[in-house]
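Open the model in your viewer and keep the sequence panel beside it. This tour goes from stop to stop, with a selection at each one.

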Amino acid sequence: MGKVAVARKHFVRLISKIPKFSILVCEHERLPNYYGLAWYEHKTRKARCYIIPFNYVVRWIRDFRVSLWFPRKSTAYDQLLRDNYKKGYEDGLETGRKNAETAVGWLVTYGFVLYVAQQLESTERMITRAYGDEE
């Protein structure tokens, strides 16, 4: 082998170790550690993946382009969803505060701990009955 062929062989080996900027990953394939999902192509059932810091940037650019192509207007249904979500969130916060002020939160936690302890105790008794006392 000449010097040029050896140099070409080493160059190809070196280039092959550099990770690609973007890859397509088929279903049930293992994703390399340094790649992150940018989007999923449903027609081909393949995931488009980029090197991790860039996958978020590329995804944001793609989503921005799609939002320019197909602008979405807010509807009354969207407003209703937002209002109901906000109401549910505020109700949950209020209930949590009430439970914390009273002893209900403490009782629920303590009751769960007692339940788990009783289950462990009954499991120990069943094992002792089944296998006998081996001490």
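Buried here means under 20% relative accessible area, exposed means over 50%, and partly exposed lies in between (1.4 Å probe, protein chains only). Helices (H or I, at least four residues) and strands (E, at least two) are DSSP runs, numbered from the N terminus. The model is predicted: local features need pLDDT of at least 70, side-chain atom pairs count only at pLDDT 80 or more, and totals for chains, interfaces and linings use all residues. Residues are numbered from 1 along each chain as its sequence is written, and side-chain values use heavy atoms, with hydrogens and water left out.

**Stop 1: strand β1**

Select β1, residues 22–26. Which side chains point to the buried face? Ile23 and Val25 do.

Strands count as paired if DSSP finds at least two bridges between them. Pick Ile23 and look across: its bridge partner in β3 is Cys49.

**Stop 2: the core**

Stay on Ile23 and show its contacts (heavy atoms within 4.5 Å). Beyond its neighbours within four places in sequence, Ile23 touches Pro32, Tyr35, Ala47, Arg48 and Cys49.

Next, select Ile23, Val25, Tyr35, Ala47 and Cys49. These 5 residues form the largest nonpolar core. Such a core is a set of buried Ala, Val, Leu, Ile, Met, Phe, Trp, Tyr and Cys residues joined through side-chain atoms within 4.5 Å.

**Stop 3: the salt bridges**

How many salt bridges does the structure hold? There are 4. The criterion is a side-chain nitrogen of Lys or Arg within 4 Å of a carboxyl oxygen of Asp or Glu.

Select Arg45 and Glu27. Their side chains meet at 3.8 Å, N to O. Arg45 is in the loop between β2 (35–41) and β3, and Glu27 is in the loop between β1 and β2, so the pair ties together parts 18 residues apart in sequence. Arg45 is exposed at 52% relative accessibility, while Glu27 is partly exposed at 40%.

Move to Arg48 and Glu41. This salt bridge spans 4.0 Å, N to O. Glu41 is partly exposed, at 23%.

Finish in helix α3, residues 76–101. Lys87 and Asp91 form a salt bridge there, with the closest N and O atoms 3.3 Å apart. The two lie 4 residues apart, about one turn of the helix. Asp91 is partly exposed, at 37%.
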